Amino acid sequence: DYEIARSLFETSCGLRDERGAELLESIADMHVQLEQFDKALTMYNSASEILEACGLIGSGQVASLLANMGVTLAQKGDLKGAIAKFQEAREAFREQGVLETEDGASLLVNL
């Protein structure tokens, strides 16, 4: 169970680093699969806050997280929110120089 793993991880080493953010993102992904979109968005937001606190707000990891949040909002039916997150993700990927690559072109097709 992801929630038990999260609790154990938080107790033993905390959730204040990239590994903690990755764990929260994995939990969010699981909630998306279960169509528990509000729980997923809560986990994505928590992961984003950790990455921001670690000084990684402009990282590719954050850009991917924003894209995942956009997908989740779209699945939830919040199209305006989804578009806003996709725009944030696109800007974050652009800042990382990812959009000027073949992978970046593929990414834009998927956004």
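**Notebook: helix packing and core of a predicted chain**

I began with burial: of the 111 residues in the chain, 37% are buried, where buried means under 20% relative accessible area, exposed over 50% and partly exposed in between, with a 1.4 Å probe and protein chains only. I note that this is a predicted model, in which local features need pLDDT of at least 70, side-chain atom pairs count only at pLDDT 80 or more, and totals for chains, interfaces and linings use all residues. Residues are numbered from 1 along each chain as its sequence is written, and side-chain values use heavy atoms, with hydrogens and water left out.

**Entry 1: secondary structure**

I counted six helices and zero strands in the chain; helices (H or I, at least four residues) and strands (E, at least two) are DSSP runs, numbered from the N terminus. The order from the N terminus on is α-α-α-α-α-α. I then looked up the contacts (heavy atoms within 4.5 Å). Among those with a separation of 6 or more, 46% come from residues 24 or more positions apart.

**Entry 2: helix 2 and helix 3**

I took the axes as lines fitted to C-alpha atoms, for helices over the stretch in contact, with angles from 0 to 180 degrees between N-to-C directions. The axes of helix 2 and helix 3 come within 8 Å and cross at roughly 165°. The two helices are therefore roughly antiparallel to each other; angles over 145 degrees count as such, those under 35 as roughly parallel, 65 to 115 as roughly perpendicular and the rest as oblique. Helix 2 passes helix 3 in a left-handed crossing, that is, the near helix is turned anticlockwise from the far one by less than a right angle. Among the residues that make this contact are Leu24, Ile27 and Ala28 of helix 2 and Met43, Tyr44 and Ala47 of helix 3. By class I recorded twelve nonpolar, three polar and four charged residues. Here Ala, Val, Leu, Ile, Met, Phe, Trp, Tyr, Cys and Pro count as nonpolar, Asp, Glu, Lys and Arg as charged, and the others, Gly among them, as polar.

**Entry 3: helix 3 and helix 4**

Helix 3 (residues 37-53) and helix 4 (residues 60-76) have axes that come within 10 Å and cross at roughly 165°. This pair, too, is therefore roughly antiparallel, and helix 3 passes helix 4 in a left-handed crossing. The contact includes Leu41, Tyr44 and Ser48 of helix 3 and Leu65, Met69 and Thr72 of helix 4. Its residues divide into ten nonpolar, six polar and two charged.

**Entry 4: the core**

Which residues touch the most other members of the largest nonpolar core? I found Leu24, Tyr44, Leu65, Leu66 and Met69, out of 27 residues; such a core is a set of buried Ala, Val, Leu, Ile, Met, Phe, Trp, Tyr and Cys residues joined through side-chain atoms within 4.5 Å. Helix 2 (18-33), helix 3, helix 4 and helix 5 (79-95) each give two or more residues to this core, and helix 3 gives the most, with eight.

I followed Met69, which lies in helix 4. Met69 counts as buried because its relative accessibility is 3%. Beyond four places in sequence, Met69 touches Leu41, Tyr44, Asn45 and Lys85. From C-alpha to C-alpha, Met69 and Phe86 are 8.2 Å apart in space and 17 residues apart in sequence.

**Entry 5: Glu35**

I located Glu35 in the loop between helix 2 and helix 3. Its phi is near 60°, a positive value in a residue other than glycine. Most residues other than glycine have a negative phi. Glu35 counts as exposed, at 61% relative accessibility.
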